[in-house]
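Notebook open, model loaded. I want to go through the helices, strands and charged pairs one at a time and jot down what turns up.

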Amino acid sequence: MDRISLSLGSGGKLMRDFLNDLILKYLDNDRLNKLWDSAHLEIDGKVGFTTDSFVVTPHFFPGGDIGKLAVAGTVNDLVVSGIKPRFLSLALILEEGFPISSLEIILASIKRTALEAGVEIVTGDTKVVRKGEADGIYVNTAGIGEVIARPERIEEGDLIVTTGPPGDHSVSIMVARGEFEFEGNVESDCQPMNSFLPSWKMGAKWMRDITRGGLATILCELSEGGLPVHVEEAKIQFSPPVRAVAEILGIDPLYLASEGKAVIVVSGAGVNDVLHFLKSVPIGRNSCIIGKIGGMGKKGEVVLKTVSGGLRLLEPLTGELLPRIC
């Protein structure tokens, strides 16, 4: 068999063979190998739980694929909530005719990313739909882990840190789609952010990953806590491809998404320790302070000091700059 067949969804021998010969070929572990309806897990203390679905197109893009994105995205949702990821579920919705060779590449990517993130795929599900009823493959992952920290109350004078230049994922997807006649190899920043977990013990008070809606929307979410947010455009880094694509298309890069960067709020007293730590891990080496809580603006506002010295109020993204990026 070289393509997904509707008969795989029957739940009979073909499905059993599919699970044993393909899924477990890449994702085998003691818990998943049992193929029980539920996984039995051991987790001490308070537990955090999340889920996310991934429909990105194209399924493969520079720097990643839908499998890597599905694992990293759910892991990151746990990390930014103060949760150490432990176990994931994996649900696949496959369209009749989807190439087995492509599925194998995706499963291998899921395995690599799960190993990198230190999580196990312990349960899952596969459904097959008729040709034309989906777009090749959709992936759902749910994640569970140990609560190691809780967001703290944000106060005036706290500092705002980004862990690197945002926007590379959106631009990678734009180029990979070829919709704008761009050429090049712009890599997505898709990656699990487990290595940021210790920052919770060093003074991090609030954390979000910079996904859909981009940095501007995350800052607006931060301001919803009641205090104004003040950031400086000159301190916000963007990669050359992101700046170039944004200028050509007239897109504000503040609204472009990442899949491996975070905004972290830290008290002034703890910021040096957190910054030193973030810069010591590869995915945080470009961390920097971009602004602070309070000091300018009204309650609930995000004020951007532009490079020309002017002031601009940021609003959350309305509509969708680029659909199906995750």
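This is a predicted model: local features need pLDDT of at least 70, side-chain atom pairs count only at pLDDT 80 or more; totals for chains, interfaces and linings use all residues.

I started just past the end of α5, where Gly178 has a positive phi of about 70 degrees. Residues are numbered from 1 along each chain as its sequence is written, and side-chain values use heavy atoms, with hydrogens and water left out. Helices here are DSSP runs of H or I with at least four residues, strands are runs of E with at least two, and both are numbered from the N terminus.

Is α5 enclosed or open? I found 9 of its 10 residues buried, so the helix is largely enclosed by the rest of the structure. My cut-offs: buried is under 20% relative accessible area, exposed is over 50%, and partly exposed is in between, with a 1.4 Å probe and protein chains only. The buried set is Asp168, His169, Ser170, Val171, Ser172, Ile173, Met174, Val175 and Arg177. Next I looked up what covers them, and the list includes β2 (60–61), α3 (66–79) and α8. Contact, for these entries, means heavy atoms within 4.5 Å.

I also checked Asn194, which sits in the loop between α5 and α6 (199–202). Asn194 is buried, at a relative accessible area of 17%. Leaving out residues up to four places away in sequence, Asn194 touches Val75, Val79, Pro85 and Ala117.

**Helix α8**

Which residues of α8 are buried? In this helix (residues 240–249) I noted Val242, Val245 and Ala246. Looking down the axis of α8, the buried residues fall within an arc of 100 degrees, so they line one face of the helix; the arc is taken over the directions from the helix axis to the C-beta atoms. The general rule for reference: an α-helix has 3.6 residues a turn, so residues three or four places apart point the same way. On the other side of α8, I have Pro240, Glu247 and Ile248 down as exposed. The buried residues of α8 pack against α5 (168–177). Just after α8, Gly250 takes a positive phi of about 70 degrees.

**Strands around β6**

Then the strands, which I call paired if DSSP finds at least two bridges between them. β1 (residues 47–54) pairs with β6 (residues 137–147) in the antiparallel sense, over 8 bridges. Within that pairing, I found Thr51 opposite Ala142 of β6. β4 (residues 83–95) also runs antiparallel to β6, joined to it by 11 bridges. Here Leu90 has Thr141 of β6 as its bridge partner.

I looked at Gly45 too, in the loop between α2 (30–33) and β1. Gly45 counts as exposed, at 66% relative accessibility. Gly45 and Gly145 are 100 residues apart along the chain, and their C-alpha atoms are separated by 9.8 Å.

**Charges and rings**

How many salt bridges are there? I get 15, where the rule is a side-chain nitrogen of Lys or Arg within 4 Å of a carboxyl oxygen of Asp or Glu.

Among them, Glu133 pairs with Arg130, with the closest N and O atoms 3.0 Å apart. Glu133 is partly exposed, at a relative accessible area of 47%. Glu232 and Lys235 make another, at 3.5 Å from N to O. Both ends are partly exposed: Glu232 has 25% relative accessibility, and Lys235 has a relative accessible area of 40%.

Arg312 lies in strand β13 (residues 311–313) and Asp252 in the loop between α8 and β10 (262–266), so the pair ties together parts that are 60 residues apart in sequence. Arg312 is partly exposed at 31% relative accessibility, and Asp252 is partly exposed at 22%. Elsewhere, salt bridges that share partners join Arg153, Glu155, Asp158 and Lys205 into one network.

Last entry: the charged end of Lys34 sits over the ring of Trp36, 5.5 Å from its centre. For that I require NZ of Lys or CZ of Arg within 6 Å of the ring centre and within 35 degrees of the ring normal.
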